[in-house]
Amino acid sequence: MIEVFKTDINSKTKARQAINNLKRLFTEASINIDLHDRDNILRVEGIEVSHVPSIVQYLNNFGYQCETLA
């Protein structure tokens, strides 16, 4: 399953940190952030739908804005 999120992650350094932190929780997932998109899209592939709230909360706890895109 692929989930897509809007974030406020706007630099390579922040993107790398966020991806590394998420990879600790979701080791099998493919994760990337498109910094060229105006919504700084986070794509996570290979997770269960039930993990979506965990991703949002986890990034919010690190001080990032994150919301699910429909």
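**Figure 1. Accessible surface of the protein.** The accessible surface comes to about 4500 Å² in this predicted model. Carbon and sulfur atoms hold 46% of that surface. Buried residues make up 37% of the 70 residues.

Figure 2. The protein has two helices and four strands. Read along the sequence, they follow the pattern β-α-β-β-α-β. The radius of gyration is 11 Å, close to the 11 Å given by the globule rule for 70 residues, so the protein is as compact as a globular protein of that length. The C-alpha trace spans about 25 × 25 × 20 Å along its principal axes.

**Figure 3. Charges.** The protein carries 8 positive and 9 negative charges. Their mean positions lie 9 Å apart.

Figure 4. Asn-40 sits in the loop between β2 (30-34) and β3 (41-45). Asn-40 has a relative accessible area of 11%, so this residue counts as buried, the cut-off being under 20%.

**Figure 5. Close-up of the surroundings of Asn-40.** The side chain of Asn-40 reaches the backbone oxygen of Ile-9 at 3.3 Å. Neighbours within four places in sequence are left aside here.

Technical notes
Residues are numbered from 1 along each chain as its sequence is written. This is a predicted model: local features need pLDDT of at least 70, side-chain atom pairs count only at pLDDT 80 or more; totals for chains, interfaces and linings use all residues. Side-chain values use heavy atoms; hydrogens and water are left out. Buried means under 20% relative accessible area, exposed over 50%, partly exposed in between (1.4 Å probe, protein chains only). A polar contact is a pair of N or O atoms within 3.5 Å; within protein, one must be able to donate a hydrogen and the other to accept it, and residues adjacent in sequence count only if both atoms are side-chain atoms. Contact means heavy atoms within 4.5 Å. The radius of gyration is taken over C-alpha atoms; the globule rule is 2.2 Å times the number of residues to the power 0.38. Accessible areas come from the Shrake-Rupley method with a 1.4 Å probe; for residues, only the protein chains shown count as cover. Lys and Arg count as positive and Asp and Glu as negative; His and the chain ends are not counted. The place of a charge is taken as NZ of Lys, CZ of Arg, CG of Asp or CD of Glu.
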